Amino acid sequence: MAAPREWLGAVEAEGSSGRQGNSGVEVVVFSDPAPPAPLCPHGPTLLFVKANQGKEETRRFYACSACRDRKDCNFFQWEDEKLSGARLAAREAHNRRYQPPLSRSQCVERYSQFYMEDSFCHYNMFNHHFFDGKAALEVCRTFLQKDEGEGVIMVTDPPFGGLVEPLAVTFKKLIAMWKEGQSQDNSHKELPIFWIFPYFFESRICQFFPSFCMLDYQVDYDNHALYKHGKTGRKQSPVRIFTNIPPNKIILPIEEGYRFCPLCQRYVSLENQHCEHCNSCTSKDGRKWNHCFLCKKCVKPSWIHCNICNHCALPDHSCTGPKDGCFICGELDHKRSTCPNISTSKKVNKAVRKQKQRKSNKMKMETTKGQSMNHTSVTRKKKRRERAHQYLCS
C-alpha cells in the first residue's frame, strides 16, 4: 500500500548524501486538531511544501500519504484550490473504486488461523487512517488497552520510501491511545516499540523520540534481492531496529557476529570497535569507523578530512554543495518545520506574496486597459475608412 522496497536504493542514496540540490519537498506536520485534508483512495492526504534554501516558502499542496510514485496514486490538489460539487462527487466515486484491495475479509481469511477476527485492522500508518472506520478504531483501542496495555509491544516495519515525520505523528497517536488505558501508577511507563528502518534516518527518528536508540543488529529480508541473508545478498544491510527498550536488555546472537561491549553495555557487531576517544562503539553501518581528531568524532572509513570544508566527507565531494540543516536559519540541529524563526519567516513570506499579488493584479489591469484602448483605436480607424469609402463612392 505504500512505497515498495525496490525504492530503498534511491532512498539510501538520498539519506546518506543529504539533500540533492538546495531545495526539497517537506511534509507539513500539524499539532492536533489538524485541519481536514482531502481524501484519496488511501485515506486523508498529507500537506506538502517545496522549500528552497534562502528563498520564500512556495505554494503548498496535498498529495497521497502512502505513495511516492504518481503512477501508483496521482492525487494532487493545491491547498487553496476550490473544487466544485461535481468534482468532489467524482473524486468520492473514484476513491471508492480504487481503494487498496486488501479488504477486512481478506485479512480475516489470511490471519484467522493465527488470530481472532478482532485482532487486526486494515490501516494506513502514514495518516492514522482505519479503512473500516470507527469500528476498526475501537478494535485497535481495545487491543492496546486490554489489561492496562500489559504485554503490548509495537513492532513496525514501514516501507523505506516513507517519510519519518508522518510516521512519527502516527506512532505518537497510537502511544497516546495506549496511555489512555494506563492507571495513574503506570503513567510513567512507555509503550515498548521496535521501529525497523534504515540507519541513516537515526537523527530524524531521535528528534521525535529522544528516548530511542539504534541497535547494531542488521535486519535482512528473505524476499529482497539486496538485503537478504546469505551469499547472494549484499553483505551489509542498512536496516536497523530503533527502540525505547534499554539496549543492555536486548541480546543479539553471538553466532551471527555480535559481541557484548562492557563499556557501552550493549551488543554490537564484531567490526564495531570501541573508540577510546569517543568512549563509544561508534560505527553505524557495520564497518570499523576511524576517529578524526580534527572533527573530534569517528567517521566512515571511506571518508577523508577536507581542509576546505573543515569536515570529513567522501574524496570526490563538492565543497560548494548544499549542507543539511534548516532552510530558514541554516542551523544544522533542526529542520525547517521545527525552526524557532518559522513564524517570522511566514510573516515575511506572506508580505512578499501579497506584494507580488498586488504587482500581478496591477499588470493585469494595465494589460486589460491597453487592450481596451487598442480595440477602441482600431474601431475608430475602421469607421474613418468606412466613411472615406462611402464619400469616394458617392
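A disulfide here is a pair of cysteine sulfur atoms within 2.5 Å. By that rule the count for this predicted model is zero. Cys 73 is in no disulfide, and its nearest cysteine sulfur, in Cys 64, is 3.8 Å away. Cys 261 has its closest cysteine sulfur in Cys 281, at 3.6 Å, which is too far for a bond.

Some ground rules. The model is predicted, so local features need pLDDT of at least 70 and side-chain atom pairs count only at pLDDT 80 or more, while totals for chains, interfaces and linings use all residues. Residues are numbered from 1 along each chain as its sequence is written, and side-chain values use heavy atoms, with hydrogens and water left out.

Burial comes up a lot below: buried means under 20% relative accessible area, exposed means over 50%, and partly exposed is in between (1.4 Å probe, protein chains only). Here are some residues with their values.

| Residue | Relative accessible area | Class |
|---|---|---|
| Cys 261 | 2% | buried |
| Thr 156 | 7% | buried |
| Cys 73 | 8% | buried |
| Phe 130 | 9% | buried |
| Phe 61 | 15% | buried |
| Phe 76 | 33% | partly exposed |

Now the rings. Rings of Phe, Tyr and Trp (its six-membered ring) pair if their centres lie within 6.5 Å; planes under 30 degrees apart count as stacked, over 60 as edge-to-face and the rest as tilted. A search of the whole structure turns up 16 such pairs. In one of them, Phe 61 and Phe 76 have ring centres 5.1 Å apart and planes at 25 degrees, so they are stacked. Phe 61 belongs to strand β5 (residues 60-63) and Phe 76 to strand β6 (residues 76-78), so this pair ties together parts 15 residues apart in sequence. Helices (H or I, at least four residues) and strands (E, at least two) are DSSP runs, numbered from the N terminus. Tyr 123 and Phe 130 make a tilted pair, 4.6 Å centre to centre with 45 degrees between the planes.

There is also an aromatic cluster, whose members include Phe 171, Trp 195, Phe 197 and Phe 209. Lys 172 puts its charged end over the ring of Phe 209, 5.6 Å from the centre; the rule is NZ of Lys or CZ of Arg within 6 Å of the ring centre and within 35 degrees of the ring normal.

Phe 171 is among the buried residues of helix α5, along with Leu 174 and Trp 178. The helix (residues 164-179) has 16 residues and should span 22 Å at 1.5 Å a residue, which agrees with its end C-alpha atoms being 22 Å apart. The expected span is 1.5 Å times one less than the number of residues.

Phe 171 also touches Thr 156, as do Met 125, Phe 194, Trp 195 and Ile 196, leaving aside residues up to four places away in sequence; contact means heavy atoms within 4.5 Å. Thr 156 sits in strand β9 (residues 154-156).

That strand is part of an open, mixed sheet of four strands, ordered β9-β10-β12-β11. Since β9 and β11 (213-214) stand at the edges with a single partner each, one side of each is left without a neighbour in the sheet. Two strands pair if DSSP finds at least two bridges between them. Strands β10 (residues 193-198) and β12 (residues 239-243) run antiparallel over five bridges; Phe 197 is partnered with Arg 240 and Trp 195 stands opposite Phe 242. β11 and β12 are antiparallel too, over two bridges, with Cys 213 opposite Thr 243.

Both faces of β12 are covered: Val 239, Ile 241 and Thr 243 are buried on one side, Arg 240 and Phe 242 on the other.
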